[in-house]
Amino acid sequence: MDGVAKTEIIPVPRELAVVYNRADRIFRRIVTSGALTSLILLGLIGMFLFVKSAQIFNDRGISFITGSNWTAGSGDGVIIDDFSIGPMLTGTILVAVIALIIAMPLAIGGALYLEFYAPFRIRKILNALLDLAAAIPSLIFGLWGLAVFTSFGERWSVLLNSRFGWIPFIKVQNEVFGRSPFIAGCVLASLIVPIITSVTREVFSRTPRDLIDTCYALGGSRWGAIRTVVLPFGRSGIIGGAMLGLGRALGETVAVYLLLNIVFRYNFRILESEGGNIASLIATKFGEATEYELKALVAAGFVLFILTLAVNMLAATIVQKSTVRK
Amino acid sequence: MKTLKQGEIAMVENPQINVVTMVEAHSPQSNFRGLEAKNIHAWFGKHHVLSDVSLRFPERTVTGLIGPSGCGKSTFIRLLNRMHEFIPSAAMAGQVLKDGEDIYAPEIDAATVRLKIGMVFQKPNPFPAMNIRENVLSGIKLAHLKVADHDSIVENCLTRAGLWKEVKDRLNATGGSLSGGQQQRLCIARSLAVEPNVLLMDEPCSALDPGSTLRIEETIKELAEKIAVVIVTHNMQQAARVSDFCAFFLTDGGPGYLVEAAPTKILFTNPSDVRTADYVQGKFG
Ligand SMILES: Nc1ncnc2c1ncn2[C@@H]1O[C@H](COP(=O)(O)OP(=O)(O)O)[C@@H](O)[C@H]1O
Ligand SMILES: [Mg+2]
């Protein structure tokens with residue numbers, strides 16, 4: 001065993017430094033600053049909103065979020081300022097959730113059709129149309145909702161109410177049926193379906209081909225393959241798409257403004273002709289707001305900002321937890 | 001011959017049936033049991049990739065398909081259980097007979113065909129969202145088969161695939177927690193659960209280490225005591241070790257074709273075509 005010296009000393013580990021070359025260093029700086037910029041921008045926006053609305057939260061505390069009044073003072077002290085966004089906050093969530101519940105099955109079904117059932121040529125055309133639809137401004141959807149959809153929506157509402165009126169959500173107090181959270185939610189659903197379809201289809205198309213082939217080779221049908229591999233594999237993408245749609249629905253302004261009877265009263269009856277959301281509140285009141293009311297509107301914006309952020313973080317967590325690991 | 005429209009899977013009666021003679025001698029045409037390809041052609045769009053291949057795969061044999069890349073082995077094997085038609089522009093001509101019955105006949109249900117002619121793929125691919133047990137049973141669920149005793153199927157299939165001893169204590173672990181070779185044996189067990197009569201394997205060992213490869217070869221030989229196995233391989237030694245019959249495919253730039261098919265010993269020691277001799281000796285490919 002000559003030449004193989006047996007040592008008792010365990011050596012100190014050497015440092016393994018990763019050295020980037022010049023091009024890598026420059027590129028790294030560029031992409032890092034890009035990523036940082038958006039982060040800083042987000043922070044600054046949040047900070048701006050918070051600073052501008054701090055006085056409101058200070059004055060009103062939690063009642064700004066729970067109260068259900070939006071009254072501008074008369075200036076002479078007879079009527080005093082009273083600003084709170086409770087119904088608008090719940091309305092925001094209500095309309096967005098209705099939109100999402102309607103949009104998700106349509107979007108997933110559409111994505112599955114496009115990816116697994118549509119003939120090749122039709123698929124191409126529909127994909128192009130879908131991207132086009134995703135780019136239509138929401139104002140157009142709002143106008144379409146107002147001019148065309150409302151009359152259908154009202155008929156569906158009547159039907160729903162007559163069948164399921166015993167469910168608290170579907171009960172109404174006044175049988176008016178127009179300009180309700182349901183109708184606004186339907187139009188918002190049509191607004192967000194294209195983007196969700198697009199995202200989920202993209203995810204479905206990345207299902208490993210050999211897993212799908214395996215399902216067929218085991219005597220499975222298309223639907224079997226979809227259930228066994230495509231949906232589990234695409235779960236995180238479905239959630240991601242849903243959150244993207246939800247984010248858009250939460251922040252939607254014009255369409256809701258056009259389609260919803262904005263009333264400052266808590267309302268969870270989806271067919272009732274009253275509701276509202278924060279974004280449309282801000283749009284409605286912004287023009288003629290007093291200085292103090294303006295601050296209240298910024299505070300409302302801050303709440304919406306936090307809500308959207310929370311939804312996105314929740315989505316990120318769910319996506320992370322449910323990602324199928326190979 | 002009828003002209004094919006694009007995307008059409010056509011049945012063509014070919015008058016000049018020249019089935020390769022390798023096993024004809026000891027299995028009369030009339031009641032041949034097993035899988036038989038007759039005058040198979042394949043296209044992808046206008047691209048003619050396989051020309052006039054006729055081969056027989058009798059029960060209880062292993063047939064190796066060898067040949068250089070791109071000569072149409074995968075295309076051919078996918079034609080044997082109607083997987084070819086999933087590619088949008090794919091077309092075929094000829095017949096595939098299972099126990100004498102044309103699997104491309106209009107009244108035949110493709111899913112039922114695939115149930116009886118299973119397939120194992122190149123890359124081990126257990127279903128990632130399922131554990132070992134669920135993976136084995138997945139075919140039963142997919143094909144809506146009614147079976148009484150799931151446990152015995154799981155044990156039986158894993159045993160036949162040579163994996164039972166290694167995994168019997170962790171049937172609830174995910175397939176992904178197994179080694180590559182174990183995953184591939186799990187995939188074999190999964191195919192066996194629906195009781196196929198033929199198992200098609202497209203380079204099942206090309207992603208595995210030599211030890212795992214030998215395990216799978218043992219498994220293949222055991223399977224062949226009951227069913228027909230067709231295995232595509234790039235590994236000459238593997239073909240020599242595992243197969244009873246061997247078929248050599250080639251392409252000269254045009255569509256792939258069958259050069260010769262023979263009992264493996266003969267193909268490797270005394271082939272009738274000089275190109276076969278060159279290929280099995282590793283002179284090209
Ligand atoms: N999905 C496909 N679309 C178009 N051409 C294909 C497709 N799959 C295979 N081919 C072509 O068919 C020929 C045979 O391929 P393949 O059957 O994979 O050969 P092998 O398995 O022997 O390597 C090749 O020329 C290949 O380019
Ligand atoms: Mg191949």
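1. The buried residues of H6(B) are Gly181(B), Gln182(B), Gln183(B), Gln184(B), Arg185(B), Leu186(B), Cys187(B), Ile188(B), Ala189(B), Arg190(B), Ser191(B) and Leu192(B). Buried means under 20% relative accessible area, exposed over 50%, and partly exposed in between (1.4 Å probe, protein chains only).

2. This is a predicted model: local features need pLDDT of at least 70, side-chain atom pairs count only at pLDDT 80 or more, and totals for chains, interfaces and linings use all residues. Residues are numbered from 1 along each chain as its sequence is written, chains are lettered from A and ligands numbered from 1 in the order in which they are written, and side-chain values use heavy atoms, without hydrogens and water.

3. Helices (H or I, at least four residues) and strands (E, at least two) are DSSP runs, numbered from the N terminus. Because 12 of its 13 residues are buried, H6(B) is largely enclosed by the rest of the structure.

4. Now the ligand. Around ligand 1 stand Phe44(B), His47(B), Val49(B), Ser69(B), Gly70(B), Cys71(B), Gly72(B), Lys73(B), Ser74(B), Thr75(B) and Ile87(B). Each has a heavy atom within 4 Å of the ligand. Strand S2 (47-58) and helix H1 (73-79) of chain B each supply at least two shell residues. H1(B) gives the largest share, three residues. By type, the shell has four nonpolar, six polar and one charged residue. Here Ala, Val, Leu, Ile, Met, Phe, Trp, Tyr, Cys and Pro count as nonpolar, Asp, Glu, Lys and Arg as charged, and the others, Gly among them, as polar.

5. Oxygen atoms of ligand 1 lie 3.3 Å from a polar backbone atom of Cys71(B) and 3.1 Å from one of Gly72(B). At Thr75(B), an N or O atom of the side chain is 2.5 Å from a ligand oxygen. The protein covers 62% of the 560 Å² of accessible area that ligand 1 has on its own. Such areas come from the Shrake-Rupley method with a 1.4 Å probe.

6. Ser243(B) sits in the loop between helix H8 (236-242) and strand S9 (245-250) of chain B. Ser243(B) is buried, at 8% relative accessible area. Its side chain reaches the backbone oxygen of Ala239(B) at 2.6 Å. The backbone oxygen of Phe245(B) is 3.4 Å from a polar atom of the Ser243(B) side chain.

Technical notes. A polar contact is a pair of N or O atoms within 3.5 Å; within protein, one must be able to donate a hydrogen and the other to accept it, and residues adjacent in sequence count only if both atoms are side-chain atoms.
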